[in-house]
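The following paragraphs lead the reader through one structure step by step. Please keep the sequence and the three-dimensional view at hand while reading.

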There are 2 protein chains.
Amino acid sequence: MPAEPASVALPLAAARRRRLRADRARQLADLLRHQILAGGFPDGVLPLEDALAADYRASRNTVRQALDLLRGEQIVARQPGVGTVVVCEKFPHGLERLQGLAETLHEHGRVTNEVRTVGPVAAPGPVAHRLGLPEHADVLCVERLRRLNGLPLSLDLSYLPMDIGGELLGCDLENTDVFRLLEQLTGGPLGHAEITLEAVNADAHSAAVLQAPRGAAVLMLERLTHLPDGRPVDLEFIRFRGDRITMSGVLRRSL
Amino acid sequence: MPAEPASVALPLAAARRRRLRADRARQLADLLRHQILAGGFPDGVLPLEDALAADYRASRNTVRQALDLLRGEQIVARQPGVGTVVVCEKFPHGLERLQGLAETLHEHGRVTNEVRTVGPVAAPGPVAHRLGLPEHADVLCVERLRRLNGLPLSLDLSYLPMDIGGELLGCDLENTDVFRLLEQLTGGPLGHAEITLEAVNADAHSAAVLQAPRGAAVLMLERLTHLPDGRPVDLEFIRFRGDRITMSGVLRRSL
């Protein structure tokens with residue numbers, strides 16, 4: 001590589017230093033984020049900047065920049081007279097087993113559902129196809145805004161075949177997971193589900209329904225659940241508020 | 001519920017209709033999004049609005065609104081003389097097995113890594129703790145920007161204990177998954193990993209590195225990988241561009 005002329009080298013070196021500083025702040029923010037989500041600051045107050053700098057082997061400037069990043073994500077806030085406090089609460093959704101929201105969060109509080117849409121619709125082609133139904137068969141369409149202890153968590157849209165879904169019309173969809181209702185109706189446990197997770201920016205309407213800022217990061221789950229005999233029974237599109245849900249599990253190297 | 005006075009009922013009814021229309025457009029957009037990601041439009045061109053309206057049992061207005069939503073997410077674009085074309089490509093990362101990026105995407109192209117940081121650092125307290133090391137022990141810190149066929153996919157930060165990580169310093173980190181290198185160094189397969197997935201909005205610096213818009217949705221993966229004997233060997237923080245990666249797997253109802 002040819003030597004840089006002195007007039008270029010100085011700005012380049014400065015740019016490199018800025019980049020390094022920004023990298024370090026982000027790296028520290030990631031560690032703090034994990035500590036916060038893991039309940040590492042049980043009283044909800046972060047240590048003072050000096051203590052953080054010592055514990056995380058970082059400069060005070062890096063600590064300050066990292067806290068700025070977490071403030072930008074609305075994970076912490078500065079509270080006069082107290083310091084930096086944790087202001088987010090994320091709830092863990094398991095990736096280990098197929099579970100409904102109320103089941104997986106039962107230790108964290110009560111899940112309630114605002115039923116926004118419920119009723120039969122003619123299945124769009126791809127929905128009929130994925131549920132193994134004839135073209136244009138009716139399906140039950142259910143859309144619910146789901147809350148934990150009153151706080152909006154997710155917006156769930158489900159399509160179910162009418163022979164099973166129709167029975168849901170008389171059920172308590174406001175207080176019960178669809179999985180649990182399906183198991184009551186079919187008399188046994190569900191089988192498996194294919195899932196796909198994505199991170200998307202919320203469109204304006206979804207954001208408004210979820211009471212999140214427009215463009216907020218959303219964890220989007222598409223899930224096709226089957227009965228034990230393999231029959232597909234529930235096609236769902238679920239938008240989780242990114243600031244309120246994490247998904248956790250264990251992966252193994254060999255199957 | 002008391003009857004609404006006529007002067008209130010009219011705007012309320014109009015608001016309800018608007019909400020319903022917005023719900024329907026989002027619901028259709030979700031179906032189209034899935035079809036697009038599943039390769040349902042192999043020539044990359046969506047059917048005309050009338051055909052979509054028929055296939056998805058929707059009004060033309062709903063189709064138009066749904067396409068607007070997907071355009072807003074930069075999944076499709078309108079191309080004069082051609083119609084609505086698919087402009088995103090998302091790659092599937094498996095949730096079935098513990099795999100490195102090059103392994104899981106080997107059918108989709110070549111993964112290359114720009115090594116941004118590599119070298120020993122004094123472990124921040126929480127890193128030492130999670131890797132089971134003494135306070136302030138040195139760890140190898142590696143940060144890589146990972147690309148698939150030249151396109152930025154993820155920004156990965158790893159912390160590894162020096163007795164194993166130190167050996168990585170002489171390895172080809174630009175072209176090889178760390179998992180594969182670790183297996184070469186330890187002479188056998190890795191064990192398991194605890195993972196946590198979140199959706200977050202990218203901070204300005206991460207977005208710039210990933211060449212994504214500021215605030216873009218990012219799929220954030222925190223992963224602690226263990227050797228077969230249970231020793232933790234690799235603590236990672238990975239930011240995947242939300243518009244380029246999906247995570248897919250199968251969940252079972254009973255374990």
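This is a predicted model: local features need pLDDT of at least 70, side-chain atom pairs count only at pLDDT 80 or more; totals for chains, interfaces and linings use all residues.

At 7% relative accessibility, T62(A) counts as buried; the word buried means under 20% relative accessible area, exposed means over 50%, and partly exposed lies in between (1.4 Å probe, protein chains only). T62(A) belongs to helix 3 of chain A. Helices (H or I, at least four residues) and strands (E, at least two) are DSSP runs, numbered from the N terminus. Which residues does T62(A) touch, leaving aside its neighbours within four places in sequence? T62(A) is in contact with R24(A), A25(A) and L28(A), where contact means heavy atoms within 4.5 Å.

Residues are numbered from 1 along each chain as its sequence is written, chains are lettered from A and ligands numbered from 1 in the order in which they are written, and side-chain values use heavy atoms, with hydrogens and water left out.

The view may now widen to the whole of chain A. Eight helices and 10 strands are found in chain A. The chain is divided into domain 1 (6-86) and domain 2 (91-248), with bounds that come from an automatic or database domain assignment. Taken over C-alpha atoms, the centres of domain 1 of chain A and domain 2 of chain A are 37 Å apart. The C-alpha trace of chain A spans about 75 × 50 × 40 Å along its principal axes. Chain A has a radius of gyration of 24 Å, whereas a compact globule of 255 residues would have one near 18 Å; the radius is taken over C-alpha atoms, and the globule rule is 2.2 Å times the number of residues to the power 0.38. Of the 255 residues in chain A, 52% are buried. Among contacts in chain A between residues at least 6 apart in sequence, 59% join residues at least 24 apart.

R60(A) lies in helix 3 (residues 60-72) of chain A and E49(A) in helix 2 (residues 49-55) of chain A, so the pair ties together parts that are 11 residues apart in sequence. R60(A) is partly exposed, with a relative accessible area of 40%, whereas E49(A) counts as buried at 17% relative accessibility.

In chain B, D30(B) forms a salt bridge with R33(B), the closest N and O atoms being 2.6 Å apart. These two residues stand three places apart in helix 1 (residues 6-37) of chain B and are therefore separated by about one helical turn. D30(B) and R33(B) are both buried. Elsewhere, salt bridges that share partners join D23(A), R26(A), R116(B) and E143(B) into one network.

A salt bridge of 2.8 Å, N to O, is formed by the side chains of E183(A) and R253(B). The pair crosses between chains, from helix 7 (residues 178-186) of chain A to the segment after strand 10 (245-252) of chain B. Both E183(A) and R253(B) are buried. In helix 7 of chain A, V178(A), F179(A), L181(A) and L182(A) are buried as well as E183(A). The cover over the buried residues of this helix includes strand 5 (138-148), strand 6 (151-161), helix 6 (162-165), strand 8 (217-226) and strand 9 (232-241) of chain A. After helix 7 of chain A comes G187(A), which has a positive phi, near 80°.

Technical notes
A salt bridge is a side-chain nitrogen of Lys or Arg within 4 Å of a carboxyl oxygen of Asp or Glu.
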